[in-house]
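Student: I have not looked at this structure before. Could we go through the terms used for it, one by one?

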Amino acid sequence: PLVTTQYNVIANLGKCQARDSAIVRSVAYPTAALGPDLTICYGSRVQLNGSVVGSVFSWSPSSSLVNENTLTPTAGPTRTTAYVLTASDTIGCPKPTTDTIIVTVVPMVAAYAGKDTTILPGQPLVMGASGGISYLWRPTTGLNDPTLAEPTAILDNTIDSITYIVRVTAQGGCFAEDDVKVRVYKPGADILVPSAFTPNGDGKNDIIKPTTVGIQKLTYFSIYNRWGQLLFSTPEINKGWDGNFAGQAQPSGTYVYQALGLDYLGNPVYRKGTCVLIR
């Protein structure tokens, strides 16, 4: 029966009759309820709110729960997880009942503000943030629009360096931050070349290459030996000489370099000097 019911039985034998009855009590199933699914950001936590009708309950999985022995544990999964609340009754109906809530974890926001750089006073610098759907830079000094992923920064000679922090917001309002340092080089556009390098394969100073400041294009960076023989030349800013020529390691000694580039206004910048190869 769906409700508590009394059943009666009547027995007849000739004119003789007897009666008896039995009561069957109906006990409701235990219940478990968790409410709607939830979404959290990676690294965040959320409180679960369960309710049960029954004498015993349990959570599964419990490894990412705090206070899992209560109906209001705190969940901190690192990936999307389905939590199951099971309720049972040791007094009435022993059949367990479950409910499930899915906690969706939005992946970690890969905030990127760009590489540290050096510019000249008044030189426009296009910033380059990525990793989200909206951006907010601070401080706003020199920025044309701090809400863009790629705002333009122009700094004057009153600033030596500044660190910009960008908040990158992604799906579900989740966010992360990254920073980039911008130095202001006041002497003007330049091509800087180290005075020595050690191409010994230890990963430190193995190549010699120019560092450009305020240069939009490198026309050439060339290396000559003391007899004026061209050993190396490149128009690529981040490329350098490893101390070899025609597959042969060059001896220790002094070498001559020449470099020509164009600054951000298109003016030529020429540098010449010597560097020492140390083995």
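Tutor: Start with the salt bridge: a side-chain nitrogen of Lys or Arg within 4 Å of a carboxyl oxygen of Asp or Glu. By this rule the count comes to four. Keep in mind that the model is predicted.

Student: What makes Asp160 and Lys186 a salt bridge?

Tutor: Their side chains meet at 2.7 Å, N to O. The cut-off is 4 Å, so the pair counts as a salt bridge.

Student: Where in the chain do Asp160 and Lys186 lie?

Tutor: Asp160 is in the loop between β15 and β16, and Lys186 is in the loop between β17 and β18. They are 26 residues apart, and the pair links distant parts of the chain.

Student: Why is Asp160 called exposed?

Tutor: Its relative accessibility is 54%, and exposed means over 50%, so Asp160 counts as exposed. Lys186 has 39%, which lies between the limits of 20% and 50%, so Lys186 is called partly exposed.

Student: How do you know that Arg271 and Asp190 form a salt bridge?

Tutor: The N to O value is 2.7 Å, and the rule asks for a value within 4 Å. Arg271 belongs to strand β26 and Asp190 to strand β18, 81 residues apart.

Student: Is Asp190 buried or exposed?

Tutor: Buried, because its relative accessibility of 12% is under 20%. Arg271, with a relative accessible area of 30%, is partly exposed.

Student: Why is Val184 called buried?

Tutor: Val184 lies in strand β17. Its relative accessibility is 8%, and the limit for buried is under 20%, so Val184 counts as buried. Leaving aside neighbours within four places in sequence, Val184 is in contact with residues including Ile119, Leu155 and Asp160.

Student: Which residues lie nearest the centre of the largest pocket?

Tutor: Lys115, Asp116, Thr117, Thr118 and Thr212, out of a lining of 24 residues. That lining divides into twelve nonpolar, nine polar and three charged residues. The volume of the largest pocket is about 610 Å³.

Note on methods:
Residues numbered from 1 in each chain as written. Predicted model: local features only at pLDDT ≥ 70, side-chain atom pairs only at ≥ 80, totals over all residues. Heavy atoms only, no water. 1 Å grid on protein atoms, 1.4 Å probe; cavity = no way out; pocket = protein on both sides within 12 Å on 5 of 7 lines; lining within 4 Å. Points joined across faces, edges and corners; volume = space filled by probe spheres on them. Nonpolar A, V, L, I, M, F, W, Y, C, P; charged D, E, K, R; others polar. Helix = DSSP H or I, 4+ residues; strand = E, 2+ residues; numbered from the N terminus. Buried < 20%, exposed > 50% of the residue type's maximum accessible area, 1.4 Å probe, protein only. Contact = heavy atoms within 4.5 Å.
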